[in-house]
Protein chains: 2
Amino acid sequence: MDVRAEIDRRAKIIDEAIERYIPLKPPLELYKACRHYLVAGGKRLRPCLALLTCGLVGGEENEAVPYAVAIEMIHNFTLIHDDIMDKDSLRRGVPTVHTIWGEEGAILAGDTLYSKAFEIITKIESKGINSECIGILAETCSLICEGQWMDIEFEKKDVVSEKEYLEMITKKTAVLYGAAAEIGGIVGGATPQQRKALYEYGKLCGIGFQIQDDILDIVADEKVIGKDRGSDIVEGKKTLIVIHAMSNGIEIPGFGNPNATPEDIESAVELLSESIEYSRKKAIDFVTRGKNMLDIFDECYEKKVLLELADYLVNRGF
Amino acid sequence: MDVRAEIDRRAKIIDEAIERYIPLKPPLELYKACRHYLVAGGKRLRPCLALLTCGLVGGEENEAVPYAVAIEMIHNFTLIHDDIMDKDSLRRGVPTVHTIWGEEGAILAGDTLYSKAFEIITKIESKGINSECIGILAETCSLICEGQWMDIEFEKKDVVSEKEYLEMITKKTAVLYGAAAEIGGIVGGATPQQRKALYEYGKLCGIGFQIQDDILDIVADEKVIGKDRGSDIVEGKKTLIVIHAMSNGIEIPGFGNPNATPEDIESAVELLSESIEYSRKKAIDFVTRGKNMLDIFDECYEKKVLLELADYLVNRGF
């Protein structure tokens with residue numbers, strides 16, 4: 001199976017829906033800022049999950065589209081605000097929202113996407129599930145904020161444990177994967193047991209995804225990932241790689257140094273090779289546990305795609 | 001009738017509910033930042049409206065409490081983010097959230113309040129109205145962002161018309177008053193006609209409230225309003241007062257000058273006296289139109305309070 005083709009086909013459906021759900025309108029610059037990352041691409045992995053889990057439990061993938069768009073908008077809202085906090089200048093190969101529209105503009109663009117996401121769901125002709133789905137999304141957003149708060153606090157801490165790191169990325173990243181998988185299931189008519197399994201599948205895969213993201217930040221080509229390479233090292237982010245290296249007494253060149261040179265990053269990558277390998281294994285562990293959650297479902301095409309998609313999350317090169 | 005006593009009695013109910021709905025929990029500093037303005041006071045005018053309109057249409061005021069808390073949280077979230085953008089240092093007599101927790105902390109605290117507001121509503125035992133109420137609130141939040149965006153754009157424009165100003169404050173401030181009045185009505189079982197009237201009542205009174213707020217920024221004592229006096233003048237905000245003065249060829253001392261002295265503000269107030277009077281009249285006009293919206297309701301105690309509350313919005317000294 002060509003899992004990328006499966007993802008891309010659904011990404012296209014989401015792209016078209018985004019145009020319908022968040023069109024350009026006055027104040028034009030506000031909505032340009034809102035749409036900036038959305039139209040710059042993005043892999044649409046979370047929406048894709050929602051469509052697939054909807055199909056997995058016997059629903060029509062199409063019915064999950066507006067929910068999936070809302071999830072992607074929530075994701076993009078967090079990106080806009082995170083980029084302000086992290087002072088990142090590149091995202092998806094384009095300048096970050098705050099570098100174009102200023103911090104004020106980026107705060108507002110994020111806030112607008114946030115409310116539009118909820119607005120979309122409330123406007124779906126109800127099957128009585130909208131309030132429940134909004135509840136899951138709202139709770140997820142609170143957790144995302146808690147995770148981002150922890151992430152910022154970690155920068156001021158000398159030592160962060162692996163356990164603390166995993167709690168942080170679970171909140172900051174993985175719960176939205178969990179929510180996407182569960183909400184897709186709800187739209188498709190999942191039983192309570194199925195919903196729980198889907199949430200866990202999404203969450204565990206999301207942890208794997210984030211660890212892989214941290215790895216890519218260090219090893220991938222800037223042009224391919226569309227953001228500054230080694231930005232986590234420069235910003236002094238305590239990723240699993242860094243935590244493992246520190247606990248092994250490795251000093252990382254350029255860590256937390258805004259003036260780190262490309263050479264610093266090069267030698268950091270070399271020194272971190274063992275920690276990268278350790279993190280890669282951890283990522284695969286989580287994804288494997290996630291895949292096991294799908295054991296309760298009968299074999300079907302969607303299940304096959306979801307299993308391959310899980311692997312893709314930790315094998316992808318960008 | 002002592003309208004302040006009516007407001008204060010309901011404010012106390014809201015204060016207690018806030019403690020229940022958004023308790024201190026880890027990460028402690030995040031939730032401290034979220035609660036900072038909420039526990040620093042605030043008049044609770046919007047929640048008060050929601051309770052009263054619920055009672056007006058025959059509902060139990062108590063049932064509107066969680067919705068009213070959500071509305072107050074939305075209001076507080078916008079204050080936190082606005083204060084970052086406006087670089088204000090004082091609010092409700094306490095340092096602004098970003099001056100204590102930094103911009104990052106303030107962005108996240110606002111985002112968290114935002115999601116908690118929606119979370120609260122989805123957790124209310126449903127009478128089938130929750131999705132609808134969330135829809136109104138989400139749409140309102142989008143409009144608030146559009147209004148704030150316009151407000152920021154006005155700073156860069158040489159001339160702003162009265163019409164543009166009214167559109168801006170309608171979005172930035174008045175629609176949340178409208179939503180509060182309508183949502184209270186929905187909880188109480190209002191008919192579609194009643195809902196519409198309540199929304200208009202709230203919106204028109206909200207316009208009056210904002211004009212009065214702009215007046216107070218200039219004329220009231222800093223200790224009483226709990227924020228920097230004349231901050232709108234220093235920031236170069238094009239309020240109705242300023243628009244009127246400019247169209248009459250008045251040059252305002254200290255306007256848009258971060259180094260304006262208290263003497264500048266003093267002489268600005270004197271020069272603006274006619275424009276302040278003009279704005280005061282406009283505010284009363286709007287509130288009068290708002291009150292007329294209540295004509296369709298039978299006489300009752302809640303109606304009496306709502307009429308007096310409308311007057312209070314433009315007569316208050318802080």
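In this predicted model, B:R92 counts as partly exposed, with 18 C-beta neighbours inside 10 Å. A residue is taken as buried if 20 or more other C-beta atoms lie within 10 Å of its own, and as exposed if 12 or fewer do; B:R92, with 18 such neighbours, therefore counts as partly exposed. B:R92 is located in the loop between β1 and β2 (94-95) of chain B. Its phi is near 50°, a positive value in a residue other than glycine. A positive phi is also found at B:K87, where the angle is near 55° and the residue is again other than glycine. B:K87 belongs to the loop between α4 and β1 (90-91) of chain B. It has 14 C-beta neighbours inside 10 Å and so counts as partly exposed. For comparison, most residues other than glycine have a negative phi, and most peptide bonds are trans.

A:P27 is part of the loop between α1 and α2 (28-39) of chain A. In chain B, B:P26 and B:P27 are joined by a cis peptide bond, with omega about -5°. The loop between α1 (3-21) and α2 (28-39) of chain B contains B:P27.

Helix α1 (residues 3-21) of chain A packs on helix α3 (residues 45-56) of chain A at an angle of about 100°, and the two axes are 9 Å apart. This angle makes α1(A) roughly perpendicular to α3(A). From α1(A), the contact takes A:I7, A:R10, A:A11 and A:I14, and from α3(A) it takes A:L45, A:P47, A:C48 and A:L51. By class, these residues comprise seven nonpolar, no polar and one charged.

Another feature of chain A is the residue A:D298, which lies in the loop between α13 (273-292) and α14 (301-315). A:D298 has 7 other C-beta atoms within 10 Å and is therefore exposed. Although A:D298 and A:V57 are 241 residues apart along the chain, their C-alpha atoms are separated by 9.3 Å.

Helix α8 (residues 192-219) of chain A has 28 residues, which should span 40 Å at 1.5 Å a residue.

In chain B, helix α8 (residues 192-219) packs with helix α14 (residues 301-315) at an angle of about 25°, their axes being 7 Å apart. At this angle α8(B) is roughly parallel to α14(B). The residues in contact are B:C205, B:G208, B:F209 and B:Q212 of α8(B), together with B:A310, B:L313 and B:V314 of α14(B). Five residues of this contact are nonpolar, two are polar and none is charged.

Both of these helices also take part in covering helix α13 (residues 273-292) of chain B: what covers its buried residues includes α8, α11 (240-247) and α14 of that chain. Helix α13(B) has 20 residues and reaches 29 Å from its first C-alpha to its last, close to the 28 Å expected at 1.5 Å a residue. Its buried residues are B:S275, B:S279, B:A283, B:F286, B:V287, B:G290 and B:K291. These cover an arc of only 155° around the axis, so they are on the same side of α13(B). On the other side of the helix, B:S273 and B:K281 are exposed.

The contact between the two chains involves 32 residues from chain B and 33 residues from chain A. On the side of chain B that touches chain A, the elements giving two or more residues are α4 (65-86), α5 (97-123) and α6 (130-156). Helix α6(B) provides the largest share of this side, 14 residues. By class, the side of chain B that touches chain A has 15 nonpolar, ten polar and seven charged residues.

Note on methods. Residues numbered from 1 in each chain as written. Chains lettered and ligands numbered in written order. Predicted model: local features only at pLDDT ≥ 70, side-chain atom pairs only at ≥ 80, totals over all residues. Axes fitted to C-alpha atoms, helices over the stretch in contact; angles between N-to-C directions. Helix = DSSP H or I, 4+ residues; strand = E, 2+ residues; numbered from the N terminus. Parallel < 35°, antiparallel > 145°, perpendicular 65-115°, else oblique. Contact = placed C-beta atoms within 7 Å. Nonpolar A, V, L, I, M, F, W, Y, C, P; charged D, E, K, R; others polar. Expected span 1.5 Å × (residues − 1). Arc of directions from axis to C-beta.
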